[in-house]
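Hi everyone, thanks for making time. I'd like to walk you through a couple of pieces of one model today, so let's get it up on the screen.

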Amino acid sequence: MSTIKILWVDDEIDLLKPHILFLQSKNYVVVTAQSGQEALNELKETQVDIVFLDENMPGISGLETLNEIKVLHASLPVVMITKSEEEFIMEEAIGSKIADYLIKPVNPNQILLSLKKNLDHSRLISEKTTSNYQQEFRKIAMDLAMVNSYGAWVDLYKKLIYWELQLEAIEDSGMFEILESQKVEANQQFGKFVERNYEDWFTDHDAPVMSHTLFKQWIAPEVKSAKTLLVVVDNLRYDQWCAFEDIIGSFYKKTKEDAYCSILPTATQYARNALFAGLTPLDMEKKYPQWWKNDTDEGGKNLYEDQFLGEQLRRLGMDITWEYHKISSLKQGKQLRQNFKGQKDNDLTVIVYNFVDMLSHSKTEMEVIKELASNDKAYRSLTKSWFKNSPLLEIIQQAQQLGMKLIITTDHGTINVKAPSKVVGDRDTSLNLRYKTGRSLSFEEGDVVAAKDPKSIHLPSITMSSSYIFAKNDLFFAYPNNYNHYVSYYRNTYQHGGVSLEEMIIPFVVMEPK
């Protein structure tokens, strides 16, 4: 590590000789100045890493010197040292972006702590984070071998996200690669877990809350207790929620955070319709054939969410005032923001916000988005940037002012697909890259969760002999014809419809206004 150079500015510098000797014994180089002007002259000639600046000096005051230093070197950390505890001096100094504030008399250990806090901060955090993850790595590896319930998978996935965000912050590429390999292994194990258990969840009393049971089990009880804004951000992954949670935290406090399980396929027409209908896709097709559309049917697949919701409310005996809004463009978002006060008397206001979905599809279609969202870290960052500047945030702020409870969730997540898996089907086979339904499907057995009898997992059959396959891990389906072009076009894009932690473990958050 290179030697750290300190500029210490004090008109009584001779009295600080013991402190300077102490720092020199710790291998710091200390340059001194006895006035503000002398310090500024020194900074024009010498590069230093940090400045200790006395606030009360003759000639140019400490605060004036501080301002001049910031003009010369805006990012240079300055620690203000003063005898005075007057509040206005503290506020002036802090407003001028000091790195730290010490009250005289200072002892050598205070100085040392301030140095470490300001100059070794990143290194210390990096070393501690790396050390902690190395310990946690072994625990996660053991958990992976033993996890055997949906709740345990949620805990493990949240732990992986936590460490992903921690390691991302310190930019330790070696540790990050180890974590990535753990995520891959976790998804392999999760795929096997879903394959073994998914069918039973439709009849098991201990099943996780799923798309078609979410409203009845978790949303309806919240609506009964207070006026509620339900925001369904399409395609929102758990890590993306973590990326902008702190922004909402300025207006709302979290009272519940949980995770439900998206049904298969993890695709909007199945998962989101199931959420609003409170029914499985098979039951939707039977009960409401006029609203349900299969993959091969013409027309939009999510045109009747509000009708599905109305029917579910009726079945649940919820005689409430409610409105449903679907936002698919900036213009629609701005219109709702302008008129949101009109929702104040509703017991339930539902907003489906499509931005993240559009972002993931844009990544496939547009080179510039591919560049901006080249990996999960960039994808999270882009989502946070969108949210921070979106009409949705302003709508949430208005909801807080109106005293509304806030629920944030989604219908399914997405996964960055890395490798192709060959599949062959007839011309009526569905087009989605992460699931296929059709007749005579030919595929790589180990790459998929297969459902030969769709009714066993409560899905409708397009024909008598239709089956479903769902891609595991980070695979995407590719046809043998024009294979290379297809693979290069879709590799490293965000897709959904299959079986992965990212697609199936769905954030569900309840918040009360602050």
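Quick definition before we start: when I say two strands pair, I mean DSSP finds at least two bridges between them. And keep in mind that this is a predicted model.

Okay, with that in hand, look at Gly438, which sits opposite Ser467 in S16. Strands S13 and S16, the latter being residues 467-471, run antiparallel and are joined by 4 bridges. Zoom out a bit and you get an open sheet of 3 strands, ordered S13-S16-S15, with antiparallel pairing. S13 (435-438) and S15 (448-451) are the edge strands; each has a single partner strand, so one side of each has no neighbour in the sheet. From one strand to the next, the twist averages 15°.

Now over to helix H5, residues 108-119. That's 12 residues, and from first C-alpha to last H5 reaches 16 Å, close to the 16 Å expected at 1.5 Å a residue. At the N-terminal end, Asn107 does the capping: a side-chain oxygen of Asn107 is 3.0 Å from the backbone nitrogen of Asn109.

So which residues of H5 are buried? They're Ile111, Leu112, Ser114 and Leu115. These cover an arc of only 160° around the axis, which puts them on the same side of H5. As a reminder, an α-helix has 3.6 residues a turn, so residues three or four places apart point the same way.

What covers those buried residues includes helix H1 (17-25) and strands S1 (5-9), S3 (50-54), S4 (78-82) and S5 (100-103).

Technical notes. Residues numbered from 1 in each chain as written. Predicted model: local features only at pLDDT ≥ 70, side-chain atom pairs only at ≥ 80, totals over all residues. Heavy atoms only, no water. Helix = DSSP H or I, 4+ residues; strand = E, 2+ residues; numbered from the N terminus. Axes fitted to C-alpha atoms, helices over the stretch in contact; angles between N-to-C directions. Expected span 1.5 Å × (residues − 1). Buried < 20%, exposed > 50% of the residue type's maximum accessible area, 1.4 Å probe, protein only. Arc of directions from axis to C-beta. Contact = heavy atoms within 4.5 Å. Polar contact = N/O pair within 3.5 Å; in protein donor to acceptor, adjacent residues only side chain to side chain.
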